[in-house]
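Hi everyone, thanks for making time for this. I'd like to walk you through one structure, so let's get it up on the screen.

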Amino acid sequence: MDRPNTSTTESHNGSQRDLELNSRNQEVTDNEESQPNNDNQVPVAATNETQRDEGVDEEGATEGHPRVPSLPPSVTVQADPKFMEISDQEREWALQIKRTVEASPELDSIPDMMYAHLAIFSQGDLDCAVNRVFNLQAYRKEYNIFDSIEEGKRVIEKYNIQDFQGIVLSFDFDLEAGTSLLVLDPTKLDKSVFKCHRKTKEIFMALYYMSQAFFPNLEVVRKGHVQIAEFEGFDPSKNMVDGKLMRRGLIEIHGSYPTFFSHVYMYHTPMVANLMMSLGKRVLPKNLSSKFTLGCTFPGRLDQFYGLPTIEAATRRALDNMYESLRIRYENERTFRL
C-alpha cells in the first residue's frame, strides 16, 4: 500500500522519522516538568489500604519503609465526560486530520476520538498525524487487529497469563496527575517465547491493545503514561530480548501508536540496563529517552508492595483494571464526536 501524499516518504517498518515524531508534543511539556524524584520512593501505588500488609500504619508507612501514596481502587471514574473535553484549537487540528484522511483513498476512516488523540499528540503537525494514521492502519493489518473489547481482553489475557505470568504487577491511574500507571517486572520475561513467530505476533497484538488501555480518554492523552519497572534479579540470558527484536518493537509500536510517556522509572537496575538503554537511545528521540530514570531504589523488590496479597491476585487486579480502561476507551471511541 502506498503512503498518502505527505512530505514523509519512509515505509511503515523501520520509519525512524515517524518514531522521532512520537513525542513531538512532549517538547513543550518537558520544560514544564520538574526533575524526576529518585529518593527511594515508589512514585505511585497500586493497592488500596485493605490490600497492604498488617504492618502499615494510618499514614501508609511501614517500619523501615517510606510512605507510599495510595490510589482509588477503581478506574471507572475515568469514564467521566470531563476527561473528554477538547479545546477549540485541538478540535480544529483534529478536523483537519479527519478531512485529510477522508480525502485519501489509501486510508480508512478512524473514530473521532483517535483524530482528537492524534491532534493532541501532533500539536498541529498534519504530516506527523497523517503518517500515524497510515502506520496504525498498516500495523492493524499486519497483526490482524480487530478493535473490540472482547478481542483485546483475549489477547492481553493470553500475553499476561500464559506467556508472561507476573510481568504486569499493577495498572491504575493517578487521578490528580491525570496519568495512567503501569508497573512491570521484566524479570518475568522469557525471551525464548519470541522464538515462536506466532507468539511474537500475538505479543505485538497485545502491545496494541494495551496501548489503547493506557489512553482511555483525552486527559490521559495530554498528561501521558507512566511506567515503573523492577529489575532486581534481571538475567540477560533469560530476560533480555534480542537487540534486533527490541528495535523492531520500539519502531513498530512507538512509531505507530501515538504514545505520550510522562516518565519511565527503572528500579534496582543492573549494569545490563545501561546496555538496554544504549540500544533504545539509538532509536528513541532525545526528548523521549530523557523520560527514563535508571537506578531508582526501594526497600525490597516492588512486587513486595504491588504483588499483594499474591502475584496471581495482583495480576488479576491489574488486568481487570486494564480491561475496564480498554472498555472505556472503546466506549469513548463509539460516542465521542468532534
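Predicted model: local features only at pLDDT ≥ 70, side-chain atom pairs only at ≥ 80, totals over all residues.

Okay, aromatic rings. How many aromatic pairs does the structure hold? There are 11 of them. Take Phe231 and Phe234: their rings make a tilted pair, 5.3 Å from centre to centre, with 55° between the planes. Phe231 has a relative accessibility of 4%, so we call it buried, since the cut-off is under 20%. Phe234 comes out at 10%, so it counts as buried too. Now back to the two we started with: Phe305 and Tyr306 also form an aromatic pair, and this one is edge-to-face, with 5.1 Å between the centres and 85° between the planes. There's a cluster as well, in which ring pairs link Tyr139, Tyr143, Phe204, Tyr208, Tyr209, Phe215 and Tyr257.

Next up, helices. Find H6, which is residues 149–163, and H7, which is residues 197–214. Their axes come within 9 Å and cross at roughly 120°. That angle is why we call H6 and H7 oblique to each other. As for handedness, the crossing of H6 past H7 is left-handed. Who makes the contact? On the H6 side, the residues include Glu151, Arg154, Val155 and Tyr159, and on the H7 side, they include Arg198, Glu202, Ile203 and Met210. Tyr209 is another of the H7 contact residues, and you've already met Tyr209 in the ring cluster. If you sort the contact by class, you get eight nonpolar, two polar and seven charged residues.

Last topic: some backbone details in the loops. Which loop holds Gln123? Gln123 sits between helix H4 (112–122) and helix H5 (126–142). Gln123 isn't a glycine, yet its phi is positive, about 50°. With a relative accessible area of 36%, Gln123 is partly exposed.

Asn144 is in the loop between H5 and H6. Asn144 is not a glycine either, and it has a positive phi of about 55°. Its relative accessible area is 39%, so Asn144 is partly exposed.

And one more, the peptide bond from Leu308 to Pro309: is it cis or trans? That bond is cis, with omega near -5°. You'll find Pro309 in the loop between helix H13 (303–306) and helix H14 (311–335).

That's my tour, so over to you for questions.

Note on methods: Residues numbered from 1 in each chain as written. Heavy atoms only, no water. Phe/Tyr/Trp six-rings, centres within 6.5 Å; stacked < 30°, edge-to-face > 60°. Buried < 20%, exposed > 50% of the residue type's maximum accessible area, 1.4 Å probe, protein only. Axes fitted to C-alpha atoms, helices over the stretch in contact; angles between N-to-C directions. Helix = DSSP H or I, 4+ residues; strand = E, 2+ residues; numbered from the N terminus. Parallel < 35°, antiparallel > 145°, perpendicular 65-115°, else oblique. Left-handed = near helix turned anticlockwise from the far one by under 90°. Contact = heavy atoms within 4.5 Å. Nonpolar A, V, L, I, M, F, W, Y, C, P; charged D, E, K, R; others polar.
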